[in-house]
Amino acid sequence: MFQFDKTRLDLAREFRATPWGEHSPDLQYLLSLMRRPGPEPYHVLITDRPGERWTLATMQPGSKSPPRRTNMVFTDLRAAEWHVFRLRWARLAGEELPFE
Amino acid sequence: MNRVMAYCDRWTVAPGETVRFMVSCLGGTSYTAQILRLKQPDAGPQATPFAPEPVDAPCNGPHDGRFQAIPIGSFAVVPAHPALAPAGSFTLAAHVFPTTPAKGRQAIMGTWCEVSQTGYALEIDGQGRLAFRIGAGPGRVAVATAAPLSTRRWYHAAASYDAEAGAIILHQSPCSDHDFHPEAPATATAPAGFAPGAGGPLAFAAHSAGPAAGPSPWGGLAFAGHFNGRIDSPRLCAGVADAAARALLATDPLNAALAASLIAAWDFSRDIPTETITDIGPRRLHGSIVNLPTRAMRGHNWTGRETNWTRAPREYGAIHFHDDDLVDACWAPDFAFTVPEGQRSGVYAARVTADGFDFWVPFFVRPPRGAATSKVAFLASTATYTVYLNNRGRFLSLLTERYQGRVMVLDEIDSLLIEFPEMGLSTYDRHSDGSGVSYSSRHRPLQNFRPTGRHWNFNLDLFIVDWLEKLGGDYDVITEEDLHTEGLALLEPYSVVLTGSHPEYDSLAMLDAFEAYLRRGGRLMYMGGNGFYWRIAHHPAREGVIEVRRAEGGVRAWDTEPGEAFHSFTGEYGGLWRRNARAPQRLAGVGFISQGFDHCSYYRRTVDAADPRVAWMFAGVEDELIGDFGILQGGAAGLEIDAVDPRLGTPPHALVVARSENHSNTYELVAEEVLIPHGATDAVINPDIHADLTFFETPGGGAVFSTGSIAYAGSLAWNGFDNNLFRLTTNVLERFKSPMPFPLPK
Ligand SMILES: [Fe+2]
């Protein structure tokens, strides 16, 4: 069974280089694990200006409350994907990724 | 802060006709309205700037507004009648199949009025137990409570008021379900030293809550206590029914032994396609359903010998009610727009604005009835828009990100849908009790039918409009709604008909119209992916209400329950057209093969591109790769993609002139192609996954061009419309407009 391994920094680097598009099998497993629906709040992006600016927000699964904005604003969706990946990595690993 | 939401009564109007708008202010008392013609989507800096064209109209400008509530939740109702308030003892009975018995108090059947505390009601109480209550006013209410109900099991429930004994009695009898569930019958009694008061109308699955303060779904009343689950064969008779009489009420209400006492016996298996509930008892106390609970549902007596309700209606006497059914928000109209004579056909919208918050209400202006004003028609995918309306479930868990491969992006209007669940559901959702949503209506405020927000369906189709505008704006706009009712006559005047990016849902009448059009020399540009996929049924009386039964196969958010694959509106077998022997490949050459939402790819020219039959298509198009760019995730091939398949009906002379490649892991083979799970189903390993740019001639001198990709339209405007995909697509349009017939190849 695939399990999270915080020494697999190669997968984080692969994701940073290619957030969308073809992934190695292990990166795809890791993303499936990170995206497992559960009871915890999850991240979404709120469009401030189409194609130009987005704010990171959190949502409660099944919630009737609209997303709660964070103070993180992005002008690039790749940067937003990487930021969310880092947050998820930190939660699974119990520590931050050792690189930006 | 004031916000605003709105909807309109018609999606298609001709010059001289009027569209009415219903508006609700969320925190204010005014808004402004503006009629606009839409020429492109709001798609960011890489796209044509979003510049809707203002249309002069008397309704433009400031308006007074107010909040209008949405009366969500289905029920059935019989108008008040003296016979429904018996003078002495009486018994009511029904088969009941609760799906959320623990959600709180729910009404099953009765005349109970929550405001006056009068009438009688079979209910589920706050602890999930079957209950019977009667009331003669505040403080004069008696309740008998039987046993907890299990979820998704049938019971026969019978409740009596015994005037002589001054008591109420409740019998709860579990029905056998081919399992060994340890349930026992239960009986409960309670003293009742008064007769029930008159109450309200007799309602099923809700009780009346007095006059409605805002929009009313029926009779000026508000309704509450909505029940989730099925009700089958409800009855009402005079006297206290003994065991033998209760058995007859359940199975044979017209038996002579009940002739002197029967008041009403509603048979929900009658008139299934309609909104009528029929009383086969002596007084014919017919009623109606409200907010479209699901009909043609398996009853308590379903045997499985027949799966088509039209052939065994007696086994389909159940109606499934949901507290989140909604067919019409019933708002009062606020303003109207009469399309001026001479107004050009096109895509239009009313924009209503409050405190800087814009809400869009699109509609389509067709050419004057019986006339065409261009050789080119853009066929708006109104059927697909309808079934997708208010797709709420996609926002509510990480599952969406898991299959889409991207962090979800939403905006303030999407937030409205999350905040106001009473806007209702789409056929991509499940009801609050987990059952699939099979009906969708456009008569309510709509979150995902607008020129802004996520590029999907209507919004994405505006890229096609953008291209047609770039070419000079010589096109008419027609709709699938009209195609369903008018058939071939709607298409006939046009040399070319262009679909939207995702014309996924078709009625039989729509498919037949396409086929007849093509056999008469018509030309079809199928400008999308996953088209012509599901069969739908239109409501027999209400415009803009569509049913989908997600039977057997296909990529689907829910699946039909056993024996429920036939549409209630038409009796037609639902599911994929592929499973009705009309696979999309027969009409368009290509059919759904995969979907993925993280990254779009490109097409590579094939050897077929050199065929002299398509030389005109490639004039000025020299590149090996087509559409390796685009506003939608970087390429023209993606989101949902289609491939040829001779087994499924691609004609042997079809040319695949370009084929996509290099799709990502999120592109999985569609479920109907994976009979034995084998793991090699994503595009990284599976060679069957590709979009096929396809062309073929039809016998009457017509032709079909299919892009086989939803993302395709998002590449037309790339680089200021200076790109190979724009040229290729424009070549096709120009050639298709030409009266010169296409000869069938030898
Ligand atoms: Fe779809």
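User: Which residue in S10(B) is the bridge partner of Met109(B)?
Analyst: In this predicted model, Met109(B) has Leu122(B) of S10(B) as its bridge partner.

User: And what stands opposite Met109(B) in S16(B)?
Analyst: That position is taken by Phe204(B). Strand S9(B) pairs with S16 (residues 202-204) of chain B in the antiparallel sense over two bridges, and S9(B) also pairs with S10 (residues 118-124) of chain B, again antiparallel, over four bridges.

User: How many residues of S9(B) are buried?
Analyst: Five of the five residues in S9(B), which runs over residues 106-110, are buried, and the strand is thus mostly covered.

User: Switching to the metal, which protein donors does the iron ion have?
Analyst: The iron ion has Tyr388(B) through OH, His502(B) through NE2 and Glu504(B) through OE as its protein donors, at 1.9 to 2.0 Å. Because Tyr388(B) belongs to helix H2 (residues 382-388) and Glu504(B) to the loop between strands S32 (496-498) and S33 (505-506), all in chain B, this pair ties together parts that are 116 residues apart in sequence.

User: Are Tyr388(B) and Glu504(B) buried or exposed?
Analyst: Both Tyr388(B) and Glu504(B) are buried, and the spacing of the donors along the chain reads Y-x113-H-x1-E.

User: What about H5(B), how many of its residues are buried?
Analyst: Twelve of the 13 residues in H5(B) are buried, among them Phe458(B), Trp467(B) and Glu469(B).

Conventions
Residues numbered from 1 in each chain as written. Chains lettered and ligands numbered in written order. Predicted model: local features only at pLDDT ≥ 70, side-chain atom pairs only at ≥ 80, totals over all residues. Heavy atoms only, no water. Buried < 20%, exposed > 50% of the residue type's maximum accessible area, 1.4 Å probe, protein only. Donors = N, O, S within 2.8 Å, 3.2 Å for Na, K, Ca; no water. Pairing = 2+ DSSP bridges.
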